[in-house]
Amino acid sequence: MSQNLTATASAPANIAFIKYWGKKNKKLRLPTNNSISMNLSGAQTMTTVDFSPEYDSDQLTINGYQANERELQRVSSFLEKIRQLAKIKYFARVDSENTFPKGAGIASSASSFAALSLAATAALGLKLSEKELSQLARLGSGSACRSIPDGFVEWVTADTHQESFAYSLYSADYWEIADLVVIVAHPEKDVSSSMGHDVAPSSPFFQTRLEQYLPEATNILKSALKEKNFSIFGQIIEAETINFHAIALTSQPSIMYWNANTITVMQKVKELRESGLEVYFTIDAGPNLHLIVEQTNIERLKQELEKLKDIKQIIVSYPDNGARLISK
Ligand code: DP6
């Protein structure tokens, strides 16, 4: 009976082109707006979950090290929801490995909660649809719901748990673009995006973003994706990044995620474009940048970036599939 309540799953991180910033329901992580992202082949989390009557509490390791109390608490309360679904009370041992370095500025919560959702439900024999898995992953970390479906993904906002989930717009092989994560700093700790979400509505520009800016930007981005129009796509993702950081900067308290090197690379991207290399940036809640290029330009871009002294590392990613079960 109690044997083999174990499963392993992997899931990619994702980069948002239209950002999730602000929640209308904090507990259910219902976002204030739809967001659009791409899964990243170069940033994966592989998670094994083992439920057993022999464990007297949940345990969590990340990259081989015991997780801290805060991380364990977040995972444990997420597992609690899955135990309730499966009507099984056993505690679990969770081992999670990331292919990308800690402090790379790639939020590991998306890939972690996507992999955990799939591994834990599979371990307990729950057979969830992609939509149900996405809803579940959203409760762990909002952006995690976008790491469940394949390729290019949209997460829809809604007023209920059942209606807010992510689905695939296009498969991973739809468009040959790439994301070069440019690491300019290794933040000591992840700057919490949760706090940023909470204070976003205090920006005097937040309602304008929601009501005027995002509906149009999202439509243009979707048409650019449909037509594979890289120039329009790039212009929109850069404008959206600036818009999102303007909200963070003008929130109370103000949050500045960039450092001096971030701005140096932003300016370099502009110069490269002027010199004929078409590249665009997007930046999440941290100082590191994601540079988006067509795959034919990866090597040229890398050579240009290597000339900049403040870059610590570059991670290349292609569009990827979503979460997958490795073993059960
Ligand atoms: C800036 O998904 O990390 O990366 O739901 O509180 O876990 P929680 O937030 P999280 O927020 C991601 C914010 C972002 C933009 C995005 O990925 O859409």
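Modeller: Happy to; I start with the ground rules, go through the domain interface, and then turn to the ligand and a few local features.

This is a predicted model, in which local features need pLDDT of at least 70 and side-chain atom pairs count only at pLDDT 80 or more, while totals for chains, interfaces and linings use all residues. Residues are numbered from 1 along each chain as its sequence is written, and side-chain values use heavy atoms, with hydrogens and water left out.

The chain is assigned domain 1 (5-172) and domain 2 (177-317), with bounds that come from an automatic or database domain assignment. Between the C-alpha centres of domain 1 and domain 2 there are 24 Å. To the contact (heavy atoms within 4.5 Å), domain 1 brings 30 residues and domain 2 brings 43 residues.

The size of an interface is often given as the accessible area lost when the parts come together. Here, domain 1 and domain 2 bury about 2,900 Å² between them, and carbon and sulfur atoms give 67% of that; buried area is the accessible area (1.4 Å probe) that two parts lose on being put together, summed over both. Of the area that domain 1 buries against domain 2, 29% is supplied by Phe17, Lys19 and Trp21, more than any other three residues.

Now for the polar side of the interface. Three salt bridges cross between domain 1 and domain 2, where a salt bridge is a side-chain nitrogen of Lys or Arg within 4 Å of a carboxyl oxygen of Asp or Glu. Eight residue pairs, both at pLDDT 80 or more, are in polar contact across the interface of domain 1 and domain 2. A polar contact is a pair of N or O atoms within 3.5 Å; within protein, one must be able to donate a hydrogen and the other to accept it, and residues adjacent in sequence count only if both atoms are side-chain atoms.

On the side of domain 1 that touches domain 2, β1 (6-18), β4 (35-52), β8 (152-155) and β9 (166-170) each supply at least two residues. The largest share, six residues, comes from β4. Helices (H or I, at least four residues) and strands (E, at least two) are DSSP runs, numbered from the N terminus.

As for the ligand, there are 18 residues around it, and Tyr20, Lys23, Ser141, Gly142 and Ser143 come nearest; near means that a heavy atom of the residue lies within 4 Å of the molecule. A side-chain N or O atom of Arg146 is 2.8 Å from a ligand oxygen atom. For Ser193 the corresponding distance from a side-chain N or O atom to a ligand oxygen is 3.0 Å, and for His197 it is 3.0 Å.

Lastly, the salt-bridge rule gives a count of 13. The loop between α6 and α7 holds Pro253, which a cis peptide bond joins to Gln252, with omega about 0°.
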